[in-house]
Amino acid sequence: MRRLNRKKTLNLVKELDAFPKVPESYVQTSASGGTVSLIAFTTIAFLTVMEFMVYRDTWMKYEYEVDKDFTSKLRINIDITVAMRCQYVGADVLDLAETMVASADGLIYEPVVFDLSPQQKEWQRMLQLIQSRLQEEHSLQDVIFKSAFKSASTALPPREDNSLQSPDACRIHGHLYVNKVAGNFHITVGKAIPHPRGHAHLAALVSHESYNFSHRIDHLSFGELIPGIINPLDGTEKIASDHNQMFQYFITVVPTKLHTHKISAETHQFSVTERERVINHAAGSHGVSGIFMKYDISSLMVTVTEEHMPFWQFLVRLCGIIGGIFSTTGILHGFGRFVVEVIFCRFRLGSYKSTSVPLPDGHTSNHLPLITDNSTH
(Lines give C-alpha, C1' and ligand atoms only; values in the text may rest on other atoms or scores of the structure.)
Protein backbone atom coordinates (compact mmCIF):
# COMPACT_ATOMS: atom_id res chain seq x y z
CA MET A 1 0.00 0.00 0.00
CA ARG A 2 2.80 2.38 0.91
CA ARG A 3 4.62 1.50 -2.29
CA LEU A 4 1.49 2.22 -4.32
CA ASN A 5 1.07 5.65 -2.74
CA ARG A 6 4.71 6.41 -3.41
CA LYS A 7 4.30 5.42 -7.04
CA LYS A 8 1.23 7.65 -7.42
CA THR A 9 3.11 10.54 -5.87
CA LEU A 10 6.04 9.98 -8.24
CA ASN A 11 3.71 9.89 -11.25
CA LEU A 12 2.06 13.11 -10.10
CA VAL A 13 5.44 14.81 -9.80
CA LYS A 14 6.37 13.59 -13.29
CA GLU A 15 3.18 15.10 -14.72
CA LEU A 16 4.15 18.47 -13.23
CA ASP A 17 7.50 18.42 -15.01
CA ALA A 18 7.78 21.69 -16.97
CA PHE A 19 11.01 20.57 -18.60
CA PRO A 20 10.22 17.38 -20.54
CA LYS A 21 13.21 15.38 -21.73
CA VAL A 22 13.53 14.51 -25.42
CA PRO A 23 15.35 11.28 -26.29
CA GLU A 24 18.64 11.83 -28.03
CA SER A 25 17.49 9.70 -30.98
CA TYR A 26 14.84 12.36 -31.74
CA VAL A 27 17.29 15.25 -31.63
CA GLN A 28 18.97 16.42 -34.81
CA THR A 29 22.01 18.72 -34.69
CA SER A 30 23.15 21.04 -37.46
CA ALA A 31 26.06 23.31 -38.24
CA SER A 32 23.80 26.37 -38.23
CA GLY A 33 22.44 25.45 -34.81
CA GLY A 34 25.94 25.00 -33.45
CA THR A 35 27.01 28.40 -34.82
CA VAL A 36 24.01 30.13 -33.26
CA SER A 37 24.69 28.34 -29.98
CA LEU A 38 28.30 29.57 -29.93
CA ILE A 39 27.11 33.12 -30.60
CA ALA A 40 24.51 32.84 -27.84
CA PHE A 41 27.02 31.47 -25.28
CA THR A 42 29.54 34.18 -26.14
CA THR A 43 26.90 36.91 -25.79
CA ILE A 44 25.72 35.47 -22.47
CA ALA A 45 29.27 35.37 -21.11
CA PHE A 46 29.97 38.96 -22.20
CA LEU A 47 26.73 40.37 -20.78
CA THR A 48 27.20 38.40 -17.56
CA VAL A 49 30.62 39.98 -17.02
CA MET A 50 29.22 43.44 -17.78
CA GLU A 51 26.30 42.89 -15.41
CA PHE A 52 28.66 41.80 -12.65
CA MET A 53 30.64 45.02 -13.13
CA VAL A 54 27.41 47.00 -12.81
CA TYR A 55 26.58 45.03 -9.65
CA ARG A 56 29.95 45.91 -8.11
CA ASP A 57 29.56 49.61 -8.92
CA THR A 58 27.74 52.09 -6.69
CA TRP A 59 25.98 55.38 -7.31
CA MET A 60 25.15 58.47 -5.27
CA LYS A 61 21.55 59.25 -4.36
CA TYR A 62 20.61 62.87 -3.62
CA GLU A 63 17.72 63.74 -1.31
CA TYR A 64 16.59 67.28 -0.41
CA GLU A 65 14.84 68.52 2.69
CA VAL A 66 14.48 71.70 4.73
CA ASP A 67 17.36 72.34 7.12
CA LYS A 68 15.85 72.71 10.59
CA ASP A 69 19.13 73.11 12.47
CA PHE A 70 19.58 76.80 13.29
CA THR A 71 21.30 76.59 16.67
CA SER A 72 24.56 74.87 15.78
CA LYS A 73 27.73 76.69 14.83
CA LEU A 74 29.19 76.75 11.34
CA ARG A 75 32.87 75.91 10.97
CA ILE A 76 34.92 77.74 8.34
CA ASN A 77 38.24 76.16 7.32
CA ILE A 78 40.66 78.69 5.86
CA ASP A 79 44.09 78.55 4.23
CA ILE A 80 44.78 81.77 2.31
CA THR A 81 48.10 83.41 1.45
CA VAL A 82 48.12 87.19 0.92
CA ALA A 83 51.07 89.01 -0.67
CA MET A 84 51.48 91.39 2.28
CA ARG A 85 53.33 91.17 5.55
CA CYS A 86 51.39 89.75 8.48
CA GLN A 87 51.58 92.97 10.52
CA TYR A 88 49.75 94.84 7.74
CA VAL A 89 46.65 92.61 7.35
CA GLY A 90 43.83 91.44 9.57
CA ALA A 91 41.06 88.86 9.10
CA ASP A 92 37.73 88.52 10.87
CA VAL A 93 34.06 87.65 10.35
CA LEU A 94 31.01 89.86 10.77
CA ASP A 95 27.59 88.22 10.41
CA LEU A 96 24.08 89.65 10.03
CA ALA A 97 23.55 89.42 13.76
CA GLU A 98 26.33 92.02 14.14
CA THR A 99 28.46 89.37 15.84
CA MET A 100 32.18 89.80 15.28
CA VAL A 101 34.51 86.81 15.34
CA ALA A 102 38.11 87.91 15.69
CA SER A 103 40.84 85.99 13.92
CA ALA A 104 42.61 85.34 17.21
CA ASP A 105 40.01 82.67 17.99
CA GLY A 106 41.40 80.12 15.57
CA LEU A 107 43.48 81.62 12.75
CA ILE A 108 47.27 81.57 12.55
CA TYR A 109 49.32 84.26 10.80
CA GLU A 110 52.45 82.71 9.32
CA PRO A 111 55.10 84.69 7.36
CA VAL A 112 55.87 82.87 4.10
CA VAL A 113 57.21 83.43 0.59
CA PHE A 114 54.38 84.13 -1.86
CA ASP A 115 56.00 82.46 -4.88
CA LEU A 116 55.55 78.71 -4.93
CA SER A 117 58.31 76.14 -5.31
CA PRO A 118 58.36 73.91 -8.44
CA GLN A 119 56.62 71.06 -6.62
CA GLN A 120 53.97 73.38 -5.23
CA LYS A 121 53.38 74.91 -8.66
CA GLU A 122 52.80 71.41 -10.06
CA TRP A 123 50.30 70.75 -7.26
CA GLN A 124 48.49 74.00 -8.05
CA ARG A 125 48.42 73.23 -11.77
CA MET A 126 46.90 69.79 -11.19
CA LEU A 127 44.32 71.23 -8.79
CA GLN A 128 43.28 73.88 -11.30
CA LEU A 129 42.99 71.19 -13.99
CA ILE A 130 40.68 69.16 -11.75
CA GLN A 131 38.61 72.28 -11.06
CA SER A 132 38.16 72.91 -14.79
CA ARG A 133 37.06 69.30 -15.35
CA LEU A 134 34.61 69.50 -12.46
CA GLN A 135 32.96 72.53 -14.07
CA GLU A 136 32.53 70.63 -17.34
CA GLU A 137 31.57 67.19 -15.97
CA HIS A 138 29.51 67.46 -12.80
CA SER A 139 29.31 63.68 -12.44
CA LEU A 140 32.95 63.69 -11.31
CA GLN A 141 31.74 65.07 -7.99
CA ASP A 142 30.29 61.62 -7.22
CA VAL A 143 33.73 60.09 -7.75
CA ILE A 144 35.21 62.60 -5.30
CA PHE A 145 32.55 61.76 -2.72
CA LYS A 146 33.31 58.04 -3.06
CA SER A 147 37.06 58.58 -2.76
CA ALA A 148 36.81 60.72 0.39
CA PHE A 149 39.21 59.57 3.12
CA LYS A 150 40.83 57.20 0.58
CA SER A 151 42.66 59.60 -1.72
CA ALA A 152 45.78 61.59 -0.98
CA SER A 153 45.56 64.83 0.93
CA THR A 154 44.58 67.86 -1.12
CA ALA A 155 46.53 70.28 1.11
CA LEU A 156 49.39 72.34 -0.28
CA PRO A 157 52.62 70.32 0.11
CA PRO A 158 55.46 71.94 2.07
CA ARG A 159 58.31 73.59 0.23
CA GLU A 160 60.95 71.14 -0.88
CA ASP A 161 63.56 73.88 -1.41
CA ASN A 162 65.04 75.81 1.49
CA SER A 163 64.48 79.28 0.08
CA LEU A 164 66.73 81.95 1.54
CA GLN A 165 64.33 84.65 0.38
CA SER A 166 62.85 86.71 3.21
CA PRO A 167 59.08 86.23 3.75
CA ASP A 168 57.05 88.71 1.73
CA ALA A 169 53.56 87.29 2.31
CA CYS A 170 51.29 86.12 5.10
CA ARG A 171 49.62 82.73 5.24
CA ILE A 172 46.36 82.87 7.22
CA HIS A 173 45.18 79.38 8.08
CA GLY A 174 43.06 77.64 10.67
CA HIS A 175 39.33 77.56 11.38
CA LEU A 176 36.57 79.72 12.84
CA TYR A 177 33.18 78.92 14.37
CA VAL A 178 30.45 81.36 13.38
CA ASN A 179 26.69 81.62 13.72
CA LYS A 180 24.64 79.75 11.13
CA VAL A 181 23.52 82.95 9.42
CA ALA A 182 24.80 84.98 6.49
CA GLY A 183 28.08 86.74 7.13
CA ASN A 184 31.18 88.30 5.66
CA PHE A 185 34.68 86.92 6.12
CA HIS A 186 37.21 89.49 4.98
CA ILE A 187 40.91 90.21 4.94
CA THR A 188 41.87 93.85 4.71
CA VAL A 189 44.53 96.32 5.80
CA GLY A 190 45.18 96.64 9.52
CA LYS A 191 44.26 94.54 12.52
CA ALA A 192 40.60 94.34 13.49
CA ILE A 193 39.54 96.29 16.59
CA PRO A 194 36.14 96.08 18.33
CA HIS A 195 33.75 98.99 17.85
CA PRO A 196 30.34 99.74 19.42
CA ARG A 197 28.70 100.04 16.01
CA GLY A 198 30.41 97.06 14.44
CA HIS A 199 34.12 96.79 13.91
CA ALA A 200 37.03 98.65 12.33
CA HIS A 201 40.52 97.99 11.08
CA LEU A 202 43.57 99.97 12.19
CA ALA A 203 44.91 100.93 8.75
CA ALA A 204 46.17 104.45 9.33
CA LEU A 205 49.78 103.36 9.86
CA VAL A 206 49.98 101.40 6.57
CA SER A 207 50.97 103.31 3.42
CA HIS A 208 48.96 102.82 0.23
CA GLU A 209 52.08 101.84 -1.68
CA SER A 210 52.37 98.65 0.42
CA TYR A 211 48.82 97.52 -0.45
CA ASN A 212 48.96 94.28 -2.42
CA PHE A 213 45.99 91.94 -2.16
CA SER A 214 47.28 89.38 -4.60
CA HIS A 215 46.31 86.14 -2.93
CA ARG A 216 46.13 82.40 -3.29
CA ILE A 217 43.34 80.27 -1.80
CA ASP A 218 44.86 76.90 -1.00
CA HIS A 219 41.77 75.73 0.85
CA LEU A 220 38.36 77.08 1.83
CA SER A 221 35.55 74.86 3.12
CA PHE A 222 32.61 74.89 5.47
CA GLY A 223 31.73 72.27 8.04
CA GLU A 224 33.68 69.16 8.94
CA LEU A 225 37.09 68.92 7.30
CA ILE A 226 37.14 65.84 5.05
CA PRO A 227 40.41 64.83 3.34
CA GLY A 228 40.04 64.14 -0.36
CA ILE A 229 37.18 66.58 -0.97
CA ILE A 230 38.00 69.34 -3.47
CA ASN A 231 36.12 72.61 -2.95
CA PRO A 232 35.33 75.19 -5.66
CA LEU A 233 37.93 77.77 -4.55
CA ASP A 234 40.81 75.40 -3.83
CA GLY A 235 43.82 76.34 -5.95
CA THR A 236 42.51 79.81 -6.88
CA GLU A 237 45.15 82.50 -7.43
CA LYS A 238 44.46 86.19 -8.07
CA ILE A 239 47.09 88.82 -8.92
CA ALA A 240 46.19 92.43 -8.14
CA SER A 241 46.74 94.94 -10.93
CA ASP A 242 46.44 97.96 -8.61
CA HIS A 243 47.23 98.76 -4.98
CA ASN A 244 43.62 99.69 -4.19
CA GLN A 245 41.84 96.59 -5.45
CA MET A 246 38.87 94.71 -4.02
CA PHE A 247 38.27 90.99 -4.55
CA GLN A 248 34.77 89.74 -3.78
CA TYR A 249 33.49 86.17 -3.51
CA PHE A 250 29.73 85.64 -3.17
CA ILE A 251 29.23 82.17 -1.71
CA THR A 252 26.05 80.11 -1.24
CA VAL A 253 26.56 77.34 1.31
CA VAL A 254 24.41 74.19 1.20
CA PRO A 255 24.45 71.89 4.28
CA THR A 256 25.26 68.35 3.18
CA LYS A 257 25.13 65.00 4.93
CA LEU A 258 27.46 62.50 3.30
CA HIS A 259 26.91 58.77 3.84
CA THR A 260 29.17 56.38 1.93
CA HIS A 261 30.50 52.88 2.61
CA LYS A 262 33.65 54.48 4.04
CA ILE A 263 32.50 57.56 5.94
CA SER A 264 29.51 59.31 7.43
CA ALA A 265 30.03 63.04 7.90
CA GLU A 266 28.24 66.39 7.93
CA THR A 267 29.86 68.87 5.59
CA HIS A 268 28.81 71.72 3.33
CA GLN A 269 28.94 72.23 -0.42
CA PHE A 270 28.99 75.70 -1.87
CA SER A 271 28.87 77.62 -5.13
CA VAL A 272 30.71 80.87 -5.70
CA THR A 273 30.57 83.94 -7.92
CA GLU A 274 33.70 86.11 -8.23
CA ARG A 275 34.02 89.86 -8.72
CA GLU A 276 36.98 92.21 -8.61
CA ARG A 277 37.37 95.96 -9.16
CA VAL A 278 39.77 98.80 -8.49
CA ILE A 279 38.79 101.26 -5.76
CA ASN A 280 38.71 104.77 -7.23
CA HIS A 281 36.60 107.26 -5.30
CA ALA A 282 37.03 109.93 -7.97
CA ALA A 283 35.50 107.62 -10.57
CA GLY A 284 32.66 106.55 -8.28
CA SER A 285 34.08 103.14 -7.40
CA HIS A 286 33.82 103.23 -3.62
CA GLY A 287 34.74 100.57 -1.11
CA VAL A 288 37.64 99.18 0.86
CA SER A 289 40.63 97.37 -0.59
CA GLY A 290 40.86 93.74 0.48
CA ILE A 291 39.44 90.24 0.08
CA PHE A 292 35.75 89.85 0.94
CA MET A 293 33.94 86.50 1.11
CA LYS A 294 30.23 87.05 1.61
CA TYR A 295 28.49 83.77 2.39
CA ASP A 296 24.83 82.88 2.74
CA ILE A 297 23.35 79.67 4.17
CA SER A 298 20.81 77.79 2.06
CA SER A 299 17.56 76.72 3.72
CA LEU A 300 17.76 73.32 2.01
CA MET A 301 19.87 70.41 3.14
CA VAL A 302 21.18 67.71 0.82
CA THR A 303 21.66 64.10 1.91
CA VAL A 304 24.08 62.21 -0.33
CA THR A 305 23.94 58.44 0.10
CA GLU A 306 26.02 55.81 -1.68
CA GLU A 307 23.75 52.98 -2.86
CA HIS A 308 24.44 49.50 -4.15
CA MET A 309 22.38 47.11 -6.28
CA PRO A 310 20.73 44.40 -4.13
CA PHE A 311 21.87 40.83 -4.76
CA TRP A 312 18.34 39.63 -5.57
CA GLN A 313 18.03 42.30 -8.26
CA PHE A 314 21.36 41.16 -9.72
CA LEU A 315 20.04 37.57 -9.92
CA VAL A 316 16.80 38.68 -11.57
CA ARG A 317 18.66 40.71 -14.19
CA LEU A 318 21.09 37.83 -14.79
CA CYS A 319 18.26 35.33 -15.30
CA GLY A 320 16.59 37.78 -17.68
CA ILE A 321 19.77 38.05 -19.72
CA ILE A 322 20.29 34.28 -20.00
CA GLY A 323 16.64 33.42 -20.71
CA GLY A 324 16.15 36.33 -23.10
CA ILE A 325 19.19 35.45 -25.20
CA PHE A 326 18.23 31.79 -25.42
CA SER A 327 14.67 32.65 -26.49
CA THR A 328 15.72 35.34 -28.93
CA THR A 329 18.42 33.26 -30.62
CA GLY A 330 16.01 30.31 -30.88
CA ILE A 331 13.39 32.47 -32.57
CA LEU A 332 15.91 34.02 -34.94
CA HIS A 333 17.39 30.63 -35.79
CA GLY A 334 13.95 29.16 -36.55
CA PHE A 335 12.98 32.16 -38.65
CA GLY A 336 16.25 31.96 -40.55
CA ARG A 337 15.76 28.29 -41.33
CA PHE A 338 12.23 29.01 -42.52
CA VAL A 339 13.42 31.75 -44.88
CA VAL A 340 16.22 29.57 -46.24
CA GLU A 341 13.87 26.64 -46.84
CA VAL A 342 11.35 28.85 -48.64
CA ILE A 343 14.03 30.31 -50.89
CA PHE A 344 15.56 26.92 -51.72
CA CYS A 345 12.15 25.33 -52.31
CA ARG A 346 11.30 28.01 -54.87
CA PHE A 347 14.70 27.48 -56.40
CA ARG A 348 14.06 23.75 -56.77
CA LEU A 349 10.53 24.21 -58.06
CA GLY A 350 11.84 26.55 -60.75
CA SER A 351 14.15 23.81 -62.06
CA TYR A 352 11.15 21.58 -62.94
CA LYS A 353 9.82 22.86 -66.30
CA SER A 354 6.47 21.86 -67.76
CA THR A 355 6.78 19.62 -70.93
CA SER A 356 4.24 18.23 -73.35
CA VAL A 357 4.18 14.43 -73.66
CA PRO A 358 2.29 12.95 -76.67
CA LEU A 359 -0.15 10.17 -75.83
CA PRO A 360 -1.05 7.24 -78.09
CA ASP A 361 -4.60 8.53 -78.67
CA GLY A 362 -3.32 11.82 -80.02
CA HIS A 363 -3.71 13.85 -76.83
CA THR A 364 -0.93 15.63 -74.97
CA SER A 365 -0.07 15.67 -71.26
CA ASN A 366 1.35 18.80 -69.55
CA HIS A 367 2.28 17.08 -66.29
CA LEU A 368 5.81 17.47 -64.92
CA PRO A 369 8.01 14.48 -65.68
CA LEU A 370 9.35 12.56 -62.72
CA ILE A 371 12.88 12.62 -64.13
CA THR A 372 14.27 15.55 -66.07
CA ASP A 373 17.61 14.05 -66.99
CA ASN A 374 18.50 14.31 -70.69
CA SER A 375 19.09 10.59 -70.82
CA THR A 376 15.34 9.91 -70.52
CA HIS A 377 14.49 11.72 -73.79
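Q: What does Glu63 count as at 38% relative accessibility?
A: Glu63 counts as partly exposed at that value. This is a predicted model.

Q: Which side chain does Glu63 meet in a salt bridge?
A: That of Lys61, with an N to O distance of 3.3 Å. Lys61 is also partly exposed, its relative accessible area being 34%.

Q: Which residues are linked with Lys61 in a network of salt bridges?
A: Glu63 and Glu307 are linked with Lys61 in that network.

Q: Why can side chains like these pair at all?
A: Because side chains of opposite charge can pair when their charged atoms come close.

Q: How many salt bridges does the structure hold?
A: Ten. One of them joins the side chains of Arg125 and Glu122, at 2.8 Å from N to O.

Q: Where do Arg125 and Glu122 lie?
A: Both are in helix H3, which covers residues 118-136. They sit three residues apart, about one turn of the helix.

Q: Buried or exposed, or in between, for Arg125 and Glu122?
A: In between: Arg125 is partly exposed with a relative accessible area of 44%, and Glu122 is partly exposed at 40%.

Q: Switching to strands. Which residue forms a salt bridge with Lys238?
A: Glu274 does, and the closest N and O atoms of the pair are 2.8 Å apart. Lys238 lies in strand E11 (residues 236-238) and Glu274 in strand E13 (residues 264-278), so this pair ties together parts that are 36 residues apart in sequence.

Q: What does Lys238 count as by relative accessibility?
A: Buried, because its value is 19% and the cut-off for buried is under 20%.

Q: New topic. Which residues does UniProt list as a transmembrane region?
A: The unreviewed UniProt entry lists residues 35-55 under "transmembrane region". In the model, that span is 100% helix and 0% strand. Its end C-alpha atoms are 30 Å apart.

Q: How many helices and strands does the protein have?
A: Five helices and 17 strands.

Q: And what percentage of the residues is buried?
A: Of the 377 residues in the protein, 33% are buried.

Q: Last one: among contacts between residues at least 6 apart in sequence, what percentage joins residues at least 24 apart?
A: For the protein, 80% of those contacts do.

Definitions and conventions: Residues are numbered from 1 along each chain as its sequence is written. This is a predicted model: local features need pLDDT of at least 70, side-chain atom pairs count only at pLDDT 80 or more; totals for chains, interfaces and linings use all residues. Side-chain values use heavy atoms; hydrogens and water are left out. A salt bridge is a side-chain nitrogen of Lys or Arg within 4 Å of a carboxyl oxygen of Asp or Glu. Buried means under 20% relative accessible area, exposed over 50%, partly exposed in between (1.4 Å probe, protein chains only). Helices (H or I, at least four residues) and strands (E, at least two) are DSSP runs, numbered from the N terminus. UniProt positions are given in the numbering used here, feature names are shortened, and annotations may be inferred rather than shown by experiment. Contact means heavy atoms within 4.5 Å.
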